[in-house]
Amino acid sequence: MKKSILSIIVFAVALVFSNEVTAQKFANLDKSPMDAAAFPSSYRISDKKVKVVYSRPQLKGRSLSKLAPMGKVWRTGANEAAEITFYKEITFGGKKVKAGTYTLFTIPGEKEWTLILNTAKNVWGSYFYNESEDVARITAPTSKSDETIEAFSIAFDGEDEAFNMYIGWDNVIVTVPIKE
């Protein structure tokens, strides 16, 4: 009887400590979660033309000009710089661009933004931006949103071979035409 009680106690102690050893520690949610936007937008269509992977900072009472300063190269989101993949050769804002993955930097302005496709990849922020690695630079007009866009967002809309990429945050919307 003493042996079985002792065995049960040893087993219970071992079980308690083994759970502690194998317990996983998961990080909290990112304050600027990663997201992706693609065209065509439907999940039912696997043959995509373009996809952007970016992080989504939120205003949280801060000004857009503080988070994405006008006239300065910005990572187009938060954390790692946004990456855009074109699966076919396209015309991006009037410039021909070969299929491939590029880092998407922007320079915010009052009436237009400059969008930069750059060959650097896996870049944190815009700290190491190098203009000599640019593939294309285009300017795109801004318009005003009727409602405040709290979380930085990228979306696509349009027809099969001619569509637009929209970048929206605060009350600013940047529109970039894309053609196949």
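The side chains of Asp160 and Lys49 form a salt bridge, with N and O 3.5 Å apart. Asp160 sits in the loop between strand 8 (134-158) and strand 9 (162-179), while Lys49 belongs to the loop between strand 1 and strand 2, so the pair ties together parts of the chain that are 111 residues apart in sequence. The model in which this contact is found is a predicted one.

Asp160 is partly exposed, at 47% relative accessible area. Lys49 has a relative accessible area of 6% and is buried, because anything under 20% counts as buried.

Glu180 is in the segment after strand 9, and 131 residues separate it from Lys49 in the loop between strand 1 and strand 2. With a relative accessible area of 37%, Glu180 is partly exposed. Salt bridges that share partners join Asp47, Lys49, Lys88, Asp160 and Glu180 into one network.

Lys88 is partly exposed, at 29% relative accessibility. The count of salt bridges comes to six.

The protein has two helices and nine strands, and from the N terminus they run α-β-β-α-β-β-β-β-β-β-β.

Strand 6 (residues 100-107) shows how some of the strands pair. Strand 3 (residues 82-86) runs antiparallel to strand 6, and five bridges connect them; Phe86 has Gly100 in strand 6 as its bridge partner. Strand 6 is also joined to strand 7 (residues 112-118) by five bridges, again in the antiparallel sense. Here Ile107 stands opposite Thr114 in strand 7, and the two strands form a hairpin with four residues between them. Six of the eight residues of strand 6 are buried, so this strand is largely enclosed by the rest of the structure.

For the protein as a whole, buried residues make up 37% of the 180 residues. The accessible surface comes to about 11300 Å², and carbon and sulfur atoms account for 55% of that. Of the contacts between residues at least 6 apart in sequence, 52% join residues at least 24 apart.

Methods:
Residues are numbered from 1 along each chain as its sequence is written. This is a predicted model: local features need pLDDT of at least 70, side-chain atom pairs count only at pLDDT 80 or more; totals for chains, interfaces and linings use all residues. Side-chain values use heavy atoms; hydrogens and water are left out. Buried means under 20% relative accessible area, exposed over 50%, partly exposed in between (1.4 Å probe, protein chains only). Contact means heavy atoms within 4.5 Å. Accessible areas come from the Shrake-Rupley method with a 1.4 Å probe; for residues, only the protein chains shown count as cover. Two strands pair if DSSP finds at least two bridges between them. A salt bridge is a side-chain nitrogen of Lys or Arg within 4 Å of a carboxyl oxygen of Asp or Glu.
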